[in-house]
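Please open the structure in your viewer and keep the selection panel at hand.

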Amino acid sequence: MMRLSCFCQHLSMDSAFKSPIFHPTASFSHSQVSFPFFSFQAQYLTLNKPPTILRCSNSSTISSTTNGNNNNMAGLPVKKKRKRYRKQYPGENEGITEEMRFVAMRLRNIKGKKVSSDCVSDSETDTENTPSDQEKEDDSETVKSGENGGDGEAETWSPTMEGFLKYLVDSKFVFNTIERIIDESDDVAYAYFRKTGLERSAGLSKDLEWFSQRDLVVPEPSNPGVSYVNYLEELAEKSAPLFLSHFYNIYFSHIAGGQVIARKVSDQLLEGTELEFYKWKGDVQESLKGVRKNLNMLGEHWSRDDRNKCLKEAAKSFKFLGQIVRLIIL
């Protein structure tokens, strides 16, 4: 009995691996599949297609495929998160001096009215700053009154000899200070602005000597000039970018707005005499271009925070310079 059972078992296993026998029906919609000891109906098999072979699959593969389909949300496109970029300041692509120009132009706008371009030219607006709204309004008033003589109307601007001498003395004090700091400082940033051709202190010394030879009393520096010099000396020790913002503002304001003052003083007080303060050796525009190029180069290495502080410093520069210019009409 035991032998018969083993024989049958062996026979059934051998037979199970034999090829199946197909008996096609007349309609070709079904096929009769027969194995020894059992048979079944295999529907939807045709003579043109081979039988499907099933195999076991790794469960991890199935799981990962299922998860991938779920993550893809049935084929819906995945929306990428947009990358946010900081909004650039006006003129930022061209350099720090262009940023200064845009800010200075905003300072010229007083409640929707611009200061006359005859009084403050575009070159003068190459100074810097980004103060608050209240500061902008206050400093614009300073620029307007300072450059036009105090009352905002160029037509009524009347200089006095005493006031003009005070203006020259305070201006010399300021220019002496910034040129001395540039020449003597160990900060490498200041080395780019030595011997630019814009220096004014030597010319001012000649002008004051000329006045003293005509029995005019040359005064000592007044409070506006002293206050500004003290501030500049402190700033130079603290931050080169902030000091250079004043450096830029002082020279460019003088080159542009200073010409308005020179013409009026020459016509009304000096009988057409042109002072050394308003003369330059060589092409002053080329000298300005060189300073602008170096300042933009340095500005590329400053942080956005430092650049913003540089822009804000122009508000203070306008206030100091406006106080000195007002001395002319005292």
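Begin by displaying the aromatic side chains, where the count comes to 13 aromatic pairs, a pair being two rings of Phe, Tyr or Trp (its six-membered ring) whose centres lie within 6.5 Å, with planes under 30 degrees apart called stacked, over 60 edge-to-face and the rest tilted. Select Y190 and F243, which form an edge-to-face pair at 5.3 Å centre to centre with 65 degrees between the planes. Y190 lies in the loop between α5 and α6 (201–212) and F243 in helix α8 (residues 240–268), so the pair ties together parts that are 53 residues apart in sequence; helices here are DSSP runs of H or I with at least four residues, numbered from the N terminus.

This is a predicted model, in which local features need pLDDT of at least 70 and side-chain atom pairs count only at pLDDT 80 or more, while totals for chains, interfaces and linings use all residues. Residues are numbered from 1 along each chain as its sequence is written, and side-chain values use heavy atoms, without hydrogens and water.

Y190 counts as buried at 1% relative accessibility, and F243 does so at 0%, where buried means under 20% relative accessible area with a 1.4 Å probe, protein chains only.

Next, select the cluster that ring pairs build from F164, Y167, F175, F193, W210, F211, F247, Y251, F277 and Y278.

Finally, move to T177 in helix α5 (residues 161–184), a residue that counts as buried at 2% relative accessibility. Its side chain reaches the backbone oxygen of F173 at 2.7 Å. Leaving aside neighbours within four places in sequence, T177 is in contact (heavy atoms within 4.5 Å) with V229 and E233.

How values were computed: Helix = DSSP H or I, 4+ residues; strand = E, 2+ residues; numbered from the N terminus. Buried < 20%, exposed > 50% of the residue type's maximum accessible area, 1.4 Å probe, protein only. Polar contact = N/O pair within 3.5 Å; in protein donor to acceptor, adjacent residues only side chain to side chain.
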